[in-house]
There are 4 protein chains.
Amino acid sequence: MSIAIMTSGGDAAGMNPAVKRFVDYSLQKGLKPYLIYDGLVGLLDGKIVEADKHAVSGILFRGGTVLRSSRSQRFREPEYRQKAYEELEKRGITKLIVVGGDGSFNAARVMCHEADIAVAGIPATIDNDIPCTDYCLGVDTALNVIREAIDGIRDTAASFRRTFVIETMGRDCGYLAAMSALTSGAEVCLIPEVPYDMNGITARLNAEITAGRLYSIAVVAEGVLEGRKLAEVLERETGMEARLTILGHIQRGGSPTVIDRRLAFEFAHTAVDALLDGEKSFVTVTKSLEVGIKNIDEVLSTKHVLDPYICKMVSTLCH
Amino acid sequence: MSIAIMTSGGDAAGMNPAVKRFVDYSLQKGLKPYLIYDGLVGLLDGKIVEADKHAVSGILFRGGTVLRSSRSQRFREPEYRQKAYEELEKRGITKLIVVGGDGSFNAARVMCHEADIAVAGIPATIDNDIPCTDYCLGVDTALNVIREAIDGIRDTAASFRRTFVIETMGRDCGYLAAMSALTSGAEVCLIPEVPYDMNGITARLNAEITAGRLYSIAVVAEGVLEGRKLAEVLERETGMEARLTILGHIQRGGSPTVIDRRLAFEFAHTAVDALLDGEKSFVTVTKSLEVGIKNIDEVLSTKHVLDPYICKMVSTLCH
Amino acid sequence: MSIAIMTSGGDAAGMNPAVKRFVDYSLQKGLKPYLIYDGLVGLLDGKIVEADKHAVSGILFRGGTVLRSSRSQRFREPEYRQKAYEELEKRGITKLIVVGGDGSFNAARVMCHEADIAVAGIPATIDNDIPCTDYCLGVDTALNVIREAIDGIRDTAASFRRTFVIETMGRDCGYLAAMSALTSGAEVCLIPEVPYDMNGITARLNAEITAGRLYSIAVVAEGVLEGRKLAEVLERETGMEARLTILGHIQRGGSPTVIDRRLAFEFAHTAVDALLDGEKSFVTVTKSLEVGIKNIDEVLSTKHVLDPYICKMVSTLCH
Amino acid sequence: MSIAIMTSGGDAAGMNPAVKRFVDYSLQKGLKPYLIYDGLVGLLDGKIVEADKHAVSGILFRGGTVLRSSRSQRFREPEYRQKAYEELEKRGITKLIVVGGDGSFNAARVMCHEADIAVAGIPATIDNDIPCTDYCLGVDTALNVIREAIDGIRDTAASFRRTFVIETMGRDCGYLAAMSALTSGAEVCLIPEVPYDMNGITARLNAEITAGRLYSIAVVAEGVLEGRKLAEVLERETGMEARLTILGHIQRGGSPTVIDRRLAFEFAHTAVDALLDGEKSFVTVTKSLEVGIKNIDEVLSTKHVLDPYICKMVSTLCH
């Protein structure tokens with residue numbers, strides 16, 4: 001049975017580990033895996049190649065996507081989509097995994113409806129704005145890149161009295177900015193989801209400056225306000241020099257973190273399994289880390305056991 | 001009301017963010033927060049100081065624990081513990097948070113039983129071997145440090161035909177070794193929880209070497225077999241030179257990752273809240289990321305909303 | 001004999017190792033070392049404290065300057081400077097090391113002329129624009145931070161057809177931008193020292209795009225042109241979407257690299273030695289790595305010996 | 001005119017940038033560049049391919065060597081070397097650059113004598129033990145990898161009373177261990193070049209422990225003493241638990257630092273130029289950063305100018 005994978009929309013760390021796991025696991029299951037290059041554009045143009053282990057060797061560690069991505073206007077027109085279906089049919093591909101965001105999932109749904117292709121979406125976007133899942137591939141890597149940038153700024157911050165403004169990605173979703181501000185101890189954070197009060201902010205900062213604050217850090221999602229403008233306002237209203245950092249595409253880069261690799265593996269695994277089980281149009285999702293409490297006696301009387309799933313995976317590596 | 005925190009047992013990244021959040025949140029709740037230095041030893045010796053915001057400024061970013069830690073024989077003797085209870089009572093401290101592993105939670109339980117101190121445990125150990133919780137503070141940071149080490153070795157691996165053996169921490173628990181091997185694509189992994197077959201391993205490697213394998217990576221938890229010995233066996237049985245890396249305390253270091261900071265915050269938050277609610281002896285716990293699937297129509301028809309808890313937290317930063 | 005150190009002007013990685021080495025080496029030479037906090041402002045205000053080993057423990061690894069820095073208008077007025085001289089005289093300080101850039105060295109020179117204080121300048125500025133020395137403290141660290149940022153962008157670059165514009169520090173000096181562009185393989189680089197031809201650049205890029213170029217990277221020093229404007233021009237003239245990264249104060253941060261630590265040590269060492277030898281107003285300087293060739297027979301017939309200075313330093317660590 | 005490059009001996013960061021620059025610069029000079037894969041073994045076996053720009057695209061950033069390396073017994077026998085000369089002659093290659101250490105330069109010299117091939121050696125080895133040059137490719141990258149490892153250990157060091165032993169590479173040369181110990185502030189350092197006194201060391205440590213020392217760091221070059229043994233001795237003689245880290249091949253990995261990229265460029269450039277000038281057997285070398293002093297008036301009256309060589313290089317990027 002033939003099965004294909006493509007990456008689509010903005011690139012995100014974790015796409016490559018998902019592609020690698022897709023190939024390895026498909027081969028293990030006796031399937032014929034295909035790689036579609038250049039996203040929807042490549043699908044229309046038939047850039048589809050059968051994959052073996054060598055095709056994905058050494059990609060686990062790399063950011064971005066070796067399959068590349070694209071945005072396609074042509075895909076909106078039925079006659080072009082027909083071309084895509086022919087390319088898939090020609091190779092006997094009836095199952096397709098799309099790694100990307102909502103836009104890509106929409107395209108997948110259309111293919112399922114029009115051509116009866118079973119489709120699985122794997123959420124991957126550093127914006128973390130896909131409904132029904134608490135994490136998308138690329139988010140943990142992006143957050144850690146931002147963390148290192150802000151930590152680096154703190155090194156230098158106390159030398160002078162200054163405000164540091166950091167503009168993150170996030171046109172419509174403030175997740176990256178919010179989590180970065182909270183876990184880096186920023187003093188100011190503007191995101192699209194929460195209305196802000198600039199007078200309140202500057203009054204608060206001025207009170208703290210009077211009380212001895214030496215520097216402050218403000219994180220702003222690009223969709224709310226240009227970082228440049230926030231820097232101007234803060235400098236004018238607090239009298240403290242403000243300096244701007246626009247992180248830009250640094251946030252997309254970096255070798256995938258352990259969480260992003262692990263999620264990539266489990267998403268790919270789950271997608272292949274569900275397609276084999278006959279599921280026809282779905283998205284792999286995950287729940288966040290939920291924190292609660294447990295009686296201490298219960299904890300101390302429970303024996304710790306390593307997750308049997310991990311043991312099973314490892315047993316292939318120690319035999 | 002007075003409330004104290006201490007770190008105990010092996011240090012782990014995430015302890016400092018937990019201490020910081022404890023102080024900030026306690027002050028916000030109108031509590032009087034105390035810091036106990038040097039773990040159980042410091043508790044016996046009365047190294048207990050009231051904390052203000054300044055006491056924990058700048059620690060969010062640092063690995064290890066600024067409160068330091070210790071192992072105490074004296075704590076096993078009732079007369080010394082009596083001394084500890086007096087030190088707490090003297091300051092009106094009736095609630096205590098212990099950040100550490102099982103040994104530390106055991107000590108906490110004793111204090112609760114003997115002196116009616118309400119105790120909360122926050123799991124922190126890079127071994128990830130505490131029952132009832134899927135993650136402990138420090139695990140994500142340790143895993144990412146190991147990941148960078150193994151990725152660095154791969155850079156150089158293909159230049160020569162060689163086997164690279166990496167010995168990780170883990171006397172009784174193979175979590176670190178297992179997750180590192182799986183997410184780094186290692187060929188061999190030995191952990192205490194899974195019996196291994198050395199003949200099987202070397203036969204498999206020899207077959208792959210014959211088929212063209214250029215190098216291989218083996219990860220071993222220190223509790224299974226000395227890395228040195230594994231290197232000797234693999235070199236002898238495969239004829240490929242083997243080189244050893246013992247990661248040692250590198251694994252404990254590093255600025256806490258975003259996940260470790262976030263868990264630290266939520267654990268501290270939850271511990272303080274539950275103590276205020278009258279809970280008397282508990283551990284904060286978290287469930288792992290669980291992966292599942294969701295119908296694509298449902299995903300696409302759902303509106304994405306940012307977690308209201310995050311919005312609430314951010315609203316203090318934009319007013 | 002009393003000797004003091006201060007950091008002044010923009011902060012740079014390497015300042016802390018220089019301060020640490022100053023204290024250690026002064027104590028070893030039997031001198032009484034003083035630390036001046038807050039730069040020239042602190043000197044005027046008498047923020048001068050005698051230092052022991054503990055005062056500088058743990059600072060070797062940190063970016064920025066624990067002595068903090070400042071810019072002082074008051075120092076331009078003789079009556080304020082008089083105050084500074086009194087603060088120094090009161091403590092018997094007749095020798096002063098200033099770690100900073102030209103502005104700071106000017107101030108040092110004035111002190112030498114007016115009050116017969118022996119002054120040594122240690123060049124520290126990430127701009128690398130101090131005459132007579134090929135390297136300043138902080139430059140190597142800044143270059144490596146920029147390198148990691150650009151390498152991270154490359155991870156993601158090939159996924160889409162795009163131009164990435166990176167704005168570095170450098171108002172009047174293009175060293176950072178130039179070295180970063182050259183060692184990162186950028187396609188475009190604008191610096192203040194070399195007139196540019198925008199038509200030439202866009203014509204060249206367009207030719208390469210036609211020939212198959214997928215993405216390009218442009219590095220611009222902030223003093224030449226706002227990165228935002230360069231991005232606009234390149235996007236308009238090549239038709240390729242352009243994305244902006246302004247590195248900002250990320251460039252100042254980071255733990256000092258080995259070169260910056262080593263230079264810091266040697267500069268501090270040399271400054272103290274020369275002051276003890278009676279030198280009165282000087283700057284420590286270094287020559288760049290000069291590359292040449294040597295006959296292979298000579299190389300192979302020469303015995304390699306480890307630098308005797310390194311051996312001497314190590315001998316204190318193995319006895 | 002045809003010119004070839006190979007990497008030989010242990011791999012080192014900086015080899016890839018040297019290969020890239022070799023190809024780019026050769027093409028610019030109108031030469032026909034060849035890449036020899038697998039070192040001397042590949043030379044004997046004719047693994048020699050003509051290179052264009054694409055062959056070396058994307059390698060600037062990678063550690064190790066994409067040309068791979070080897071050790072060859074066969075090369076010691078004249079009849080095999082004859083085979084090598086034929087492979088070169090067949091392609092008209094009369095000039096050869098060997099990137100590696102002494103062993104590789106010896107082989108190069110033989111080729112020059114026996115077959116009149118003009119040879120250039122580019123020093124590359126993390127041991128930094130090649131005579132007549134102060135730096136070899138890979139040294140700065142290795143030092144910074146070790147620095148990060150030791151800095152990471154310090155994070156965690158103060159939590160417990162412990163000794164941390166770090167074993168670095170260096171069988172016959174202590175450069176890596178020595179520079180790492182000095183720039184990381186280690187308390188103990190053992191290298192092959194300096195006789196050590198273990199009794200003296202432990203007496204010194206014991207005195208410091210009595211005076212309050214909490215932890216200590218010992219760096220040992222693998223050629224002096226196994227780290228494991230040093231840890232045993234220190235633990236026994238000081239009563240402080242000792243923990244071992246063997247850095248192993250981590251030290252060879254990592255993306256080349258700016259210094260290693262820059263040296264790689266200048267070495268490659270210089271090698272090609274000298275070969276074109278008719279030099280027949282030489283090694284490219286560099287002098288270390290030499291520190292001295294300069295009168296402050298002279299510094300302040302000199303106008304800073306950017307190195308004309310840098311300006312010339314940049315001018316190709318801004319036109």
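This briefing covers how chain A meets chains B and C. The model is predicted. Chain A and chain B each give 83 residues to their contact. The contact between chain A and chain C takes 28 residues from each of them.

**Chain A with chain B**
- Helix H9 of chain A, residues 258–276, supplies the largest share of the side that touches chain B, with 9 residues.
- That side of chain A has 45 nonpolar residues, along with 19 polar and 19 charged ones.
- Strands pair across this contact: E10 of chain A (residues 281–286) runs antiparallel to E11 of chain B (residues 291–295).
- The pairing of E10 of chain A with E11 of chain B spans 5 bridges.
- Thr284(A) stands opposite Ile293(B), a residue of E11(B).

**Symmetry of chains A and B**
- Two copies of a chain are related by a rotation about an axis and a shift along it.
- Here, a rotation of 180° with 0.0 Å of shift along its axis superposes chain A on chain B, at an RMSD of 0.0 Å.
- This is therefore the relation of a two-fold axis.
- Leu289(A) comes closest to the rotation axis among the residues of chain A, with its C-alpha at 2.9 Å.
- Both copies use the same surface, as 100% of the contact residues of chain A recur in chain B.

**Chain A with chain C**
- Helix H5 (139–157) and strand E9 (242–246) of chain A each supply at least two residues of the side that touches chain C.
- H5(A) gives the largest share of that side, 6 residues.
- By class, the side of chain A that touches chain C has 12 polar, 10 nonpolar and 6 charged residues.

Conventions: Residues are numbered from 1 along each chain as its sequence is written. Chains are lettered from A and ligands numbered from 1 in the order in which they are written. This is a predicted model: local features need pLDDT of at least 70, side-chain atom pairs count only at pLDDT 80 or more; totals for chains, interfaces and linings use all residues. Two residues are in contact if their C-beta atoms, placed from the backbone, lie within 7 Å. Helices (H or I, at least four residues) and strands (E, at least two) are DSSP runs, numbered from the N terminus. Ala, Val, Leu, Ile, Met, Phe, Trp, Tyr, Cys and Pro count as nonpolar, Asp, Glu, Lys and Arg as charged, and the others, Gly among them, as polar. Two strands pair if DSSP finds at least two bridges between them. Copies are superposed by least squares on the C-alpha atoms of residues with pLDDT of at least 70 in both.
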